[in-house]
Amino acid sequence: MKIVTADVIVSSPDRNFVTLRITTDEGLTGVGDGTLNGRELAVASYLADHVVPLLIGRDPHRIEDTWQFLYRSAYWRRGPVTMAAIAAVDVALWDIKAKAAGMPLYQLLGGASRTGIMAYGHASGRDTQELFDSIRKHLELGYRSIRVQTSVPGINAVYGVAAQAEAYGGRYDYEPARRTPLPAEEDWDTRAYLRHLPTVFEAVRNEFGPELPLLHDGHHRMTPIQAARLGKDLEPYDLFWLEDCTPAENQEALRLVRQHTTTPLAIGEIFNTVWDYQTLIREQLIDVRSAVTHTGGITAMRKLLDFAAQYQIKSGIHGPTDISPVGMAAALHLDLAIHNFGIQEYMQHGPLTNEVFSQSFTFENGYLHPGDEPGLGVDIDVEAAARFPYQPAYLPFNRLKDGTVHDW
Ligand code: GCO
Ligand code: MG
């Protein structure tokens, strides 16, 4: 078999997506997700200008060889643009291989290790009542694990609060990228946040009891010692995880947080290679987390998660709306196959996205399943995609009260 064409499709149904569609001389097609929120066109150019010409004529079955070729022949290693582009190719090739085998992809990854994939949903509110309503809504949708994000008195716009995001031009339940000519400016005050958040978790536990798994995303905004304090303050509320409590370019910073708290820690959605995790995994400084679309695809993620498994560290694959249905399907096949599955983030896409991407995965009683169609079980309708051309959109950023730029 040979690759005859590879098309880079940039579309914006509800939000921007970058999709790669590879076609073989036997008529098989495979799709991969290369969406990098707010920097989509950089990946599209990397693919169209520098990767697609190298794919034509290659044997699509040689996935490991193609991965190594794209990673090493570029010379300039790592980085989100490069690794998202490699991920798009890798996932499309796995899709083709599984279709050629007539099996759902998870079968090629070792078969199912479980019957369903536990997912968490994003509840949020500007106050306790709105938050409780949002939690109830998610429970009614079937979610059995809930991420809790809340406004903070004294701060105008806080990451992850849907109603607040809407007031600032966001769309649907939660989508941080906005179709504004410049990144939106938000405000931040860590002391106010550290005072407020434990009171919110206390209220949620009192209302919903001890069983419900609860999560929270700190979105890289604390220093290590602030993160250590928050982890300690949240211990009574038994979190499933505290995510991205501090920026982790410096992996060693997590040693300090770890020494102070038993709250499980999740890190990795902005990482893109196993090297970003080396200290975190080897020293068991985190418990879960990672992303498929931004980490070089199934090939690289499988190696990363197998490495993590030796340290009893579990997966928690990134699944916000900026992961396309293609990237989500890739995550689900991995989730089903690996032994060290932890939890899967799952935010449902808007109606236009579902017009462009046909999907076979299901969400029932809080559990996801990738379905049993050969391949990934997801495809892109190229004509429908063409109805939704790219629209510039940016993620917001934060400033402190004195005007200093801060992590968002
Ligand atoms: C999450 C993430 C996202 C990111 C988004 C940026 O936990 O889902 O933090 O909400 O902010 O992926 O594009
Ligand atoms: Mg996050």
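View 1. The protein chain is divided into domain 1 (3-106) and domain 2 (117-372), with bounds that come from an automatic or database domain assignment. The centres of the two domains, taken over C-alpha atoms, are separated by 26 Å.

**View 2. The surface between domain 1 and domain 2.** Here 31 residues of domain 1 are in contact with 40 residues of domain 2, where contact means heavy atoms within 4.5 Å. Together the domains bury about 2,700 Å², 58% of it on carbon and sulfur atoms; buried area is the accessible area (1.4 Å probe) that two parts lose on being put together, summed over both. D14, D33 and Y106 supply 27% of the area that domain 1 buries against domain 2, more than any other three residues.

**View 3. Salt bridges.** Between domain 1 and domain 2 the count is 2 salt bridges, each being a side-chain nitrogen of Lys or Arg within 4 Å of a carboxyl oxygen of Asp or Glu. In a salt bridge of this model, the side chains of E64 and K303 meet at 2.8 Å, N to O.

**Notes on the model.** Residues are numbered from 1 along each chain as its sequence is written, and chains are lettered from A and ligands numbered from 1 in the order in which they are written. In this predicted model local features need pLDDT of at least 70, side-chain atom pairs count only at pLDDT 80 or more, and totals for chains, interfaces and linings use all residues, while side-chain values use heavy atoms, with hydrogens and water left out.
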